[in-house]
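User: Hi, I'm new to this one. Can you walk me through it?
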Amino acid sequence: MFEARLVQSAILKKVLDAIKDLLTEATFECSDSGIQVQAMDNAHVSLVSLNLRSDGFDKYRCDRNLSMGMTIACMSKILRCAGSEDTVTLRAVDNPENITFIFESPNKEKLAEYEMKLINMDQEHLGIPETSYSCVVKMPSQEFSRICRDLSQFGESITFSCSKEGIKFSASGDYGQASCSQHFSSTTVI
């Protein structure tokens with residue numbers, strides 16, 4: 001038996017929103033330590049490595065290791081049916097063919113169940129090599145997203161330049177060029 005419960009479905013929605021443009025399908029590896037996803041995008045440019053630890057859930061039970069292949073677009077459509085304050089529970093039996101999503105409103109007046117068919121996937125676990133970086137920057141994800149969205153209007157790729165003063169993002173293309181600098185008062189270099 002597998003069961004994972006989050007009091008706020010918005011958390012799972014945000015996680016899925018972060019990967020849905022990169023992955024069409026993925027294998028969710030469930031164990032007693034949590035849920036892991038590791039997959040390459042279709043162009044083999046980006047590697048998604050996601051780890052949802054069991055202690056991050058309000059209730060978590062995984063009696064035996066499960067590999068569940070899921071279509072990300074379908075999962076995203078199901079999660080859109082949940083209110084941001086709803087509790088979401090994912091449930092599957094041993095050797096599952098389906099996974100059930102259960103949404104419950106905070107006042108317990110609404111209960112909805114959605115069952116999604118799992119898919120068979122043959123994927124090997126990719127090793128992520130240990131890497132040391134000359135610069136690690138921590139900044140709010142919304143700000144990073146805004147910068148990338150704005151600069152993507154000027155080119156297909158964005159260049160990151162890091163110095164002691166801050167980080168500079170730049171892009172150029174057929175329509176011109178653009179850049180944005182962030183000083184380290186709102187960002188942090190480690």
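Analyst: We'll go through the sheet, a few residues and the cysteines.

User: Ground rules before we start?
Analyst: This is a predicted model, where local features need pLDDT of at least 70, side-chain atom pairs count only at pLDDT 80 or more, and totals for chains, interfaces and linings use all residues. Residues are numbered from 1 along each chain as its sequence is written, and side-chain values use heavy atoms, with hydrogens and water left out.

User: What is the strand order in the open sheet of five strands?
Analyst: The order is 5-1-7-8-9, with antiparallel pairing. Strands here are DSSP runs of E, at least two residues, and helices are runs of H or I, at least four, numbered from the N terminus. Two strands pair if DSSP finds at least two bridges between them.

User: Which strands stand at the edges?
Analyst: Strand 5 (59–62) and strand 9 (111–117) do. Each has a single partner strand, so one side of each is left without a neighbour in the sheet. The twist averages 15° from one strand to the next. Angles run from 0 to 180 degrees between N-to-C directions, with axes fitted to C-alpha atoms, for helices over the stretch in contact.

User: How many bridges join strand 7 and strand 8?
Analyst: Five, in the antiparallel sense. Arginine 91 stands opposite threonine 100 in strand 8.

User: And which strands does helix 2 touch?
Analyst: Helix 2 packs on the sheet and touches strand 7, strand 8 and strand 9. Its direction makes about 20° with that of strand 8. Contact means heavy atoms within 4.5 Å.

User: New topic. Where is aspartate 86?
Analyst: Aspartate 86 sits in the loop between helix 2 (72–80) and strand 7 (87–92).

User: Is aspartate 86 buried or exposed?
Analyst: Aspartate 86 counts as buried because its relative accessibility is 5%. Buried means under 20% relative accessible area, exposed over 50%, partly exposed in between, using a 1.4 Å probe and protein chains only.

User: What does aspartate 86 touch?
Analyst: Leaving out residues up to four places away in sequence, its contacts include Leu6, Phe103 and Lys110. A polar atom of the aspartate 86 side chain also lies 2.9 Å from the backbone nitrogen of glycine 83.

User: Which loop holds histidine 44, and what is its phi?
Analyst: Histidine 44 is in the loop between strand 3 (34–40) and strand 4 (47–53). Its phi is near 55°, a positive value in a residue other than glycine. Most residues other than glycine have a negative phi. Histidine 44 is exposed, at 58% relative accessibility.

User: What about lysine 108?
Analyst: Lysine 108 has a positive phi too, near 65°. This lysine lies in the loop between strand 8 and strand 9. Lysine 108 is exposed, at 54% relative accessibility.

User: Now cysteines. How many disulfides?
Analyst: One disulfide, counted as a pair of cysteine sulfur atoms within 2.5 Å. Cysteine 135 and cysteine 162 form it, with sulfur atoms 2.2 Å apart. Cysteine 135 lies in the loop between strand 9 and strand 10 (137–138) and cysteine 162 in strand 11 (residues 159–162), so the pair ties together parts that are 27 residues apart in sequence.

Key: A polar contact is a pair of N or O atoms within 3.5 Å; within protein, one must be able to donate a hydrogen and the other to accept it, and residues adjacent in sequence count only if both atoms are side-chain atoms.
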